[in-house]
Each structure stands twice: as structure tokens, then as C-alpha cells.
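Hello,

Here is the structure for your files. Please look it over, then read the notes below.

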Amino acid sequence: MKENKWLDYLDAITDLSLIKGEPEWMTNFRQEALKKASELPLPHIDRVKFHRWPLFDVAPIADANLDAGNVAAFDAMKDNPVVVQQGTWTVFEQLPIELAEQGVIFTDLFTAIQEYPELVQEYYMTKAVQMDEDQLTALHVAFMNSGLFLYVPKNVVIKEPIEALFMQEGSLAQHFFKHVLIVADEHSEFSYLERFQTTGEELQKASGNIIVEVIAKAGAKVKYAAVDQLGENVTAYMNRRGYILRDAFVDWAIGVMNDGNIVADFDSDLVGNGAHAEVKIVAISSGKQIQGIDTRVTNKAPHTIGHILQHGVIRERGTLTFNGIGHILKNAKGADAQQESRVLMLSDKARGDANPILLIDEHEVTAGHAASVGRVDPEEMYYLMSRGLRKEEAERLVIRGFLGSVLTAIPVESVRKELVSVIEGKLEV
């Protein structure tokens, strides 16, 4: 029998659960996950070799103390719902009273576990992502040290954006295992924007394991946007999963702008009749960075729609892999699965891959894919430079045009503008 090295942490995670004030079911869940970890395989990401990456550095277990001087100031906040977390601490939380009176819950995960235990237990790692899917999901449950819970009740429509800022404190050698649980009850509607950032100087190497679960119940509409900017010190696994029920719609817009090595699963399970997911991703790899992104839509019910649109740019010696997977299961008649993955390489030493996969187990469906990997057209560059632009300026214009088709498809204007700003910063030489 395979030796379970993780059992050495059993007392430590039990103590952590006690410190966090978790109920017995959560403590037991952590212990069960730790015991299963060594028995489970790592997730499979086509064409990405990440098995020796430092994804398993989980010391120290205890909360690290933050120097108050390192915590960002939030003096000029808007009136919309906002949560700000730095490391394992929640440093700012704001929910307008009218939303609280309607039953909206927006708080850190540990507070939610204490105050709404039945609600959290119903959805935490039970619908979208299962604890025992693989070794990384099990370790996430065991060592999860921060998180967020958002619940929007039935028929509640929120017009202002809901925002979350998650800062990884780079000066601390502490694992960054964060869980975001979003539950959109029947016929609710809202926009959610999250940002991941690394802060601090003299960055310490850290492992990240981030899981986001979005449960969209019947008729719900969720516009989910994320801008990922983890530092080069963070090697991370990121798993975002939608569990989408009858006639519900989740519109994903994700900017993968990290500086470290990242392996990611961005998945949508279309569980109910008429469920719909639109997935839009822009990514940039540079330096010697490796980013592997698995984007999957699984049509499990009739008349479901799943579309994937992802464009990526690679500079210098960077590596970027897009795996686009459309899977139509048996009995999902009338389903539609479409995908487009394109990669633009700006260097002879860049490495890119766009790998389309269609798995069709039913008749009377619609499916298609487009994929390309290529370099900047020399004639296009020559034309721009002949008009007086420097090479760097011409290159940036080409990149803007290449990513523009994805950015213009993002429905929330503020998210589009923010992503453009982040992309400009990422392209600065």
C-alpha cells in the first residue's frame, strides 16, 4: 500500500480547523481528504508536464501575522458589495444593507461556515468540484486556509457589480489555498469580478491551489469575470468550475496574466435542459513561464449550449498551451458545442499549442472547432514599421488586434477596460 506522507499533517490541520472555529463536519471533511490524497492521481492536462512543479509546499499551516503597514488602504471604495482579503485575512468587507435585507450573503468562507453551516455544507465541494476527483482537489480541502462565500437568493437581481480582491502576500512563505463558493439561486442575476494579485517585496516562493465553484440554479444568470495576476514566485493550480442547471446562464471572462507557472482547469458542466455557458479567455505568457489551460464544456442535458473562445500571446521563452474540450454526452440531443483557440507567438523561442478536442456521444447535435498557432506576420509588421512605428509599438498593435476579438465579446465594459489596462502593463518591456 502506498505510504501516505500527508498523514504527518493530520494534527496540524485538525488544529487549524479548531482555530478557525469550524464545525465537526468540516474538520472530518479535511481529515478524510488528507487520508485520501496519496491514493488519488494528479489531474491530467494534455501536453503540460507539471508533475514535478512545487505545488505541494504547505508550510507553515498556522495563520501568518500581517503587519498592518502591508495592508492596502481602501478609503475610496464605491457602494457596491466588496470583499478584500490579504493572505488568509479578510481586511475589508462591504455589503449594502438593502442587499443584506434581501438575504444576500457575501463574506469570508469561515464566517459563512459558522453562521450558515447548512447552506455551505450543501454546496461546498459537493456539486461542481468533488473532493476526491484527484490529488490536488483532496489537498485543497485538507489545507484550504482562506476563502469567500457568495449567495444570492431566489429572484434577487443585483445591478451593481460584486467585487472580490485576493492578495497573495509575497513576502510570506505561506501556501495560498483559497476557495470561492458562489451560489446563484433560481432566477437570480448578478455580475461578479474577482482579482488575484501578488503584493510585497522580496517575494518568497509559494504554492497556490485555488478552486472556484459557481452553482447556477434554474434560470439564474451570472456574469463572472476574473483578472489573474499572481507573481512569478507563485506556482499554482487553478480550478474554476460551473455547475449550471435548467435554463441557467454563466458568462465567463477570464484574463490569465500571471507571471509564474500555472496549470488551470476552467470547466462548465451543463447539467439542466437549456443550460448555457460562454467562456472567454485571454492569456499572456512571457519570460520562461509555463501556463497550461484546460477549458472544457460538458453538455449533459438536451438543448444545452457551450461556447469557448480563447486567445493567447507568448513572448520571449514563454510557453502557453490551450486545450479546448467540448463533450456532448448521450441523451443531450439538440446540444451545441463550439470552440476557438488561437495562439500568437512573438519569439522564435516561444512555445505554443492549441489542442481542440471534440467528444460526441449523441446524434442531432451541433459541434465545431477552430484552432491555430502562428507567428506575427512579417508583412504586417513591415507595413506598420514603414508608417513610422518602432518594432515594440507595432508588436503591441498586432497583439491588441489579436486579443481584441475576445475582449470585445466580454459584455461588461468595466471588465473590458481593466483587462486592456492589465494587458498593456504585461506587454511593457
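Is arginine 246 buried, partly exposed or exposed? Arginine 246 is partly exposed, with a relative accessible area of 46%. (Buried means under 20% relative accessible area, exposed over 50%, partly exposed in between, with a 1.4 Å probe and protein chains only.) Aspartate 247 is partly exposed too, at 45%. The side chains of arginine 246 and aspartate 247 meet in a salt bridge, 3.8 Å from N to O.

A note on the source. This is a predicted model, where local features need pLDDT of at least 70, side-chain atom pairs count only at pLDDT 80 or more, and totals for chains, interfaces and linings use all residues. Residues are numbered from 1 along each chain as its sequence is written, and side-chain values use heavy atoms, leaving out hydrogens and water.

Now the other salt bridges. The count comes to 24, taking a side-chain nitrogen of Lys or Arg within 4 Å of a carboxyl oxygen of Asp or Glu. Aspartate 132 pairs with lysine 36, with the closest N and O atoms 3.6 Å apart. Aspartate 132 sits in the loop between helix H5 (117-123) and helix H6 (135-143) and lysine 36 in helix H2 (residues 24-36), so the pair ties together parts 96 residues apart in sequence. (Helices are DSSP runs of H or I, at least four residues, numbered from the N terminus.) Aspartate 132 is partly exposed at 37%, and lysine 36 is partly exposed at 25%.

There is also a network: salt bridges link Glu133, Arg241, Asp267, Asp269 and Arg296.

Regards

How values were computed
Helix = DSSP H or I, 4+ residues; strand = E, 2+ residues; numbered from the N terminus.
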